Structures are given as C-alpha cells and as structure tokens.
Amino acid sequence: MNDYELLENYDVKKLSAVKIGGTIKYLYLINNINGLKKVLKIIKENNYDYYIIGGCTKILFPDVFMRECLIKLNNSYIKETKTHVIVGVGQSLKKFSSYMIARGYLGFSGLISIPGDVGGAIVNNAGAFGDEISDYLDFVKVYENGKIKTLYKSDLEFSYRCSYFKRSSCIIFEAHFKKIKGNKEEIIKKAKENVNKRFKTQPHNILTLGSTFKNTPTTKIAQVLDELGLRGYEGNLVKISNVHANFLQNVANCPQKNFLNILVILRSVVYNNLKYLPELEIVVLRW
C-alpha cells in the first residue's frame, strides 16, 4: 500500500453525505503517518491551504473551492493491547462500534448508528443514547509541527459536541480506548434497541448532514421547529424532514447557497420567537 494517494480535480459531491460541493484541485488520501508527513511537506513547500476531512457526514462543502487541498485520513486499522483498543481515525465509527459491542466493551451501544469516521466523531465528541465517544477514550496520537504527540483525555476539553480539536491545528491519526468489559448480552441488546429507536425517530436513506443545530440542556431544536410549524417545509431544493425537524434534506442538486439560506431563515425564526440563536452542529466550509 502506498503511503498516500493524490486525486486531482476531484468532485467533492462523491464524498459529501448531502451530495453538495464543487471540485477540489487536490484530494490527498492518507494511509499512514508517513503519508501524512509527506503530504504536509508537499503542502508546506507549495504554500497550499488545506482542510482535514473524515467521513464528511457533518461538512457542508462550497460550490466553488478557492483553496487547493483536502486531506482525508484513510487509516482504518483496529488492534488491541492488554489494556486498550487502538483505532486509526479513518475507521468507520459504525464498524468500530460493532467491534467494541461484539466483544462486550462498554460505551458504544449508543454510537453504532452514527455515520462518519472515528476521527470526526472525536473532534465533534459525537454521542447518542447516553454514550459519547469521549467516555472511554484514554489518549490520542496527533501530528503537529513535525512531531508526533500524545494527548490525554484531560487535555482535550470535551463538552457537548465539541473538543479541543475545534480550535487546534494538530491532526489526530490514532485513538486509544480503555477496554472496560460489561455484560455482553446486555450491551448487544441495548445496541439493537438504540438502532431501532434511531430508525423510528430519525430519517434514513435521504441526503442529509444529520442534526443541523445543537440542542441545549433546556432546548431541543427539533421540538422548537415542530412547534413553529416548520416540519416538512420545502423550498429551493431543500426540505425540513417530515420525520425529524432538525434534519435538512437535499431534495435535488441543491447548491450550498440554498442550504445556507434556509439555515439563516431557521436561525432567524427561532431567535424571533425565543430570543435564542441556535448554534450549528454542522460545519460550513466557506472555501
């Protein structure tokens, strides 16, 4: 396997969970730490602007890229020591969660139905049904300024759908989780129940970025949008899901600007009614 692969003039719609985005000049697919080092050296020598991506389940890409590079980490191994399960951040969160659940490890029964990669899940502190990716995370390996570093959970400032990585330039490439055994049968049962709950309460088989706005301890955005009569609203190729009002759907070849317009409208409507401006859970890449 090569350390990395370069794809030129790549249509980002192929990566996007919502099938929105234009053509990026260079897409680097990174297979290991040596590949990451080599690509970052190339980028530095050419003074390229770049952005790190994972499963692209939360990123709203632009219709036109004004900068040069996207870097996607594809390292997807899973291995174990006596005390930890080690995973490459390019691994699918669903596959990793399935691995942990099948072995009776705690903390992943709520994560199995969340799309995306492990790296993005850590950056966003993904969670569902009482589980968060940070619960049993012990430490991560990162690359920054030419050096490999170890950052422990206490360094990562985890909070609701947020972490230290939201404001850091370091790149995660490997995560180490504690092996905490539970009752395997109960863990598997809980995981199946959670998958069924998500299937019944959230839309599936549509082009979406999942939850659009963050909830607060006292406010569930879907409920607010429901009460304002916005569930099912459709206009300019974007639709608010009939199943869950915090999910926006690309109906047919929607450009980024249409998606942004409805975000602005929804935030304004919520603010005008509640004097509260909801925070985005998705990432809007304005390249």
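1. The lining of the second largest pocket divides into 5 nonpolar, 3 polar and 4 charged residues. Here Ala, Val, Leu, Ile, Met, Phe, Trp, Tyr, Cys and Pro count as nonpolar, Asp, Glu, Lys and Arg as charged, and the others, Gly among them, as polar. The pocket has a volume of about 290 Å³. A pocket is an open set of points on a 1 Å grid over the protein atoms alone, where a 1.4 Å probe fits, with protein on both sides within 12 Å along at least five of seven lines; lining residues have an atom within 4 Å of a point. Points are joined across faces, edges and corners, and the volume is the space filled by probe spheres set on them.

2. A word on the basis. This is a predicted model: local features need pLDDT of at least 70, side-chain atom pairs count only at pLDDT 80 or more, and totals for chains, interfaces and linings use all residues. Residues are numbered from 1 along each chain as its sequence is written, and side-chain values use heavy atoms, with hydrogens and water left out.

3. Which residues line this pocket? They are Lys37, Leu40, Lys41, Ile43, Lys44, Tyr50, Tyr143, Glu144, Asn145, Gly146, Ser169 and Ile171. The largest share, 5 residues, comes from α1. Helices (H or I, at least four residues) and strands (E, at least two) are DSSP runs, numbered from the N terminus.

4. Helix α2 (residues 93–102) has Leu93, Phe96, Ser97, Tyr99, Met100 and Ile101 as its buried residues. Buried means under 20% relative accessible area, exposed over 50%, and partly exposed in between (1.4 Å probe, protein chains only). These buried residues pack against β6 (78–80), β7 (84–88), α3 (118–123), β12 (171–178) and α4 (184–201). At the start of α2, a side-chain oxygen of Ser92 comes to within 3.2 Å of the backbone nitrogen of Lys94. Just after α2, Gly104 takes a positive phi of about 80°.

5. Ser109 sits in the loop between α2 and α3. Is Ser109 buried or exposed? Ser109 is buried, at a relative accessible area of 5%. Beyond four places in sequence, Ser109 is in contact (heavy atoms within 4.5 Å) with Ile101, Asp131, Ile187, Lys190, Ala191 and Asn194.

6. Asn124 is in the loop between α3 and β8. Asn124 is also buried, with a relative accessible area of 16%. Setting aside residues up to four places away in sequence, Asn124 touches Arg161, Cys162 and Lys166.

7. Now the core. A nonpolar core is a set of buried Ala, Val, Leu, Ile, Met, Phe, Trp, Tyr and Cys residues joined through side-chain atoms within 4.5 Å. Among the 46 residues of the largest one, Ile122, Val140, Phe165 and Phe177 touch the most other members. Apart from it lies another core of 22 residues, including Val18, Val224, Val238 and Ile282. Val140 has contacts, beyond four places in sequence, with residues including Ile122, Leu151, Leu156, Phe165 and Ile172.

8. Asn9, in strand β1 (residues 4–11), has a positive phi of about 50° although it is not a glycine. Asn9 is exposed, with a relative accessible area of 57%. Phe129, likewise not a glycine, has a positive phi of about 55°. Phe129 lies in the loop between β8 (127–128) and β9 (131–132) and is partly exposed, at 31%.

Terms used:
Polar contact = N/O pair within 3.5 Å; in protein donor to acceptor, adjacent residues only side chain to side chain.
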